[in-house]
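Please find below a few notes for a first look at this structure. They are set out as numbered points, to be read beside the sequence and the model.

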Amino acid sequence: MLQGAKEEVSMEKSKILIIGVTGSLGYHLAEASLKFCHPTFALVRHSAFSHPIKARKLHSLSQGGATLLTGSMEDETALTEAVRLVDVVICAVSAQQCLQQKLLIQVIKQLGSIKRFIPSEFGSDPTRAHVSELDDLYNFYAPKVEIRRLVEAEGIPYTVISCNFFMKILLPSLAQPGLDAPPRDKVTVYGNGNTKGVFMKESDVAAFTISTVDDPRTLNKVLYLRPPGNVCSLNELVEMWEIKIGKKLERLHVSEGELLQKIKGTSYPANYELLFIYSAFINGDHTYFDIEPPFGVNGTQLYPHVKYTTISEFLDTLV
């Protein structure tokens, strides 16, 4: 009887707290958590309930079975009460709020009961980024590195998700800053156009993320997402688009030096698209390195059952 009870407990889904559910990724994470039958909790600022768009999201999650808790990243009491309820904490706040995770980390450390923490480091791996050329790029990645090192130093069990670009960034314009749709006459190619970047749909990132929470293979590791069909150079991206619209585009080439001048001539955040282009398609920050165990694991190899949207399928929606 006792053995059977232990087996039943071992099969239970981890209880998950998600911070940042009114944001795009956070909302998808909560939806995925509910879909995969995890008891799901969300820590939400009181003001979110009176915001029309956020309130609709919260109502949807509540109807789906999520437990909504009121509090913020600055409220130690609310954080402590929320973390006590769960096994796993996922933080999906914006990059600008990255360092606000410090109090959360302190609470997790003090309680000592969390099986896994997934920090808000979604994007390219900041510890792999070449940032020496640009202060703006350094300032973007440095807080994420600081949080990663703090989590490691505190001995908190973690998983980091390295998903690189969300598809809503750069891809809708074919990596043409300032455009809202892909070009149909002329296209700018940065550098030699052969360096590859990675694009992922946020809902797919959420599905891969939730797949890790009870998986010992991802504990204290970085989960890298580089699915076939989602790793692409600028030249390949342009060629793919040309085939879809049945037309050759005039190519304008911008060298690395010219791109750097443009970036330095514009202040952050107005230059963020150019910064991301430089990071991915000049430096190759998404793909220049191999995924090496024991520190990193390949998400599509671990979870071949997780369906995802390819770059080609996304572009089909723009034709």
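1. A pocket, as the word is used here, is an open set of points on a 1 Å grid over the protein atoms alone, with protein on both sides within 12 Å along at least five of seven lines. In this predicted model, the second largest pocket holds about 190 Å³ of space. It is lined by 14 residues, and those closest to its centre are Thr127, Arg148, Val222, Tyr224 and Phe295. Helix H6 and strand E10 (221-224) each contribute at least two residues to this lining, which divides into four nonpolar, three polar and seven charged residues.

2. The largest pocket has a volume of about 960 Å³. Among the 43 residues that line it, Ala92, Val93, Ser94, Ala95 and Gln96 are the closest to its centre. Two or more lining residues come from each of helix H2 (24-35), strand E2 (40-44), helix H6 (135-153), strand E7 (165-166) and helix H10 (272-282). By residue class, the lining of the largest pocket is made up of 20 nonpolar, 17 polar and six charged residues.

3. The structure also holds one cavity of 30 Å³ or more, and the space in this largest cavity is about 30 Å³. Its lining consists of Leu174, Gln176, Val187, Thr188, Val189, Leu234, Leu237 and Val238, with strand E8 (186-190) and helix H8 (234-245) as the elements that give two or more residues to it. Six of these lining residues are nonpolar and two are polar, while no charged residue takes part.

4. What surrounds strand E9? Four of the five residues of this strand (residues 196-200) are buried, and therefore E9 is largely enclosed by the rest of the structure. Strand E7 pairs with E9 in the parallel sense over two bridges, and Phe166 stands opposite Met200 in E9. Strand E11 (residues 231-233) also pairs with E9, in this case in the antiparallel sense and over three bridges, with Val198 standing opposite Val231 in E11.

5. Helix H8, which gives residues to the lining of the largest cavity, also contains Lys244. Lys244 and Leu315 are 71 residues apart along the chain, yet their C-alpha atoms are separated by 8.2 Å.

6. As for the chain as a whole, there are 12 helices and 13 strands, and the C-alpha atoms fill a box of roughly 70 × 45 × 35 Å, taken along the principal axes. For 319 residues, a compact globule would have a radius of gyration near 20 Å, and the value of 21 Å for this chain agrees with that. Of the 319 residues, 52% count as buried.

Methods. Residues are numbered from 1 along each chain as its sequence is written. This is a predicted model: local features need pLDDT of at least 70, side-chain atom pairs count only at pLDDT 80 or more; totals for chains, interfaces and linings use all residues. Side-chain values use heavy atoms; hydrogens and water are left out. On a 1 Å grid over the protein atoms alone, a cavity is a set of points where a 1.4 Å probe fits but cannot get out, and a pocket is an open set with protein on both sides within 12 Å along at least five of seven lines; lining residues have an atom within 4 Å of a point. Grid points are joined across faces, edges and corners, and a volume is the space filled by probe spheres set on the points. Ala, Val, Leu, Ile, Met, Phe, Trp, Tyr, Cys and Pro count as nonpolar, Asp, Glu, Lys and Arg as charged, and the others, Gly among them, as polar. Buried means under 20% relative accessible area, exposed over 50%, partly exposed in between (1.4 Å probe, protein chains only). Two strands pair if DSSP finds at least two bridges between them. The radius of gyration is taken over C-alpha atoms; the globule rule is 2.2 Å times the number of residues to the power 0.38.
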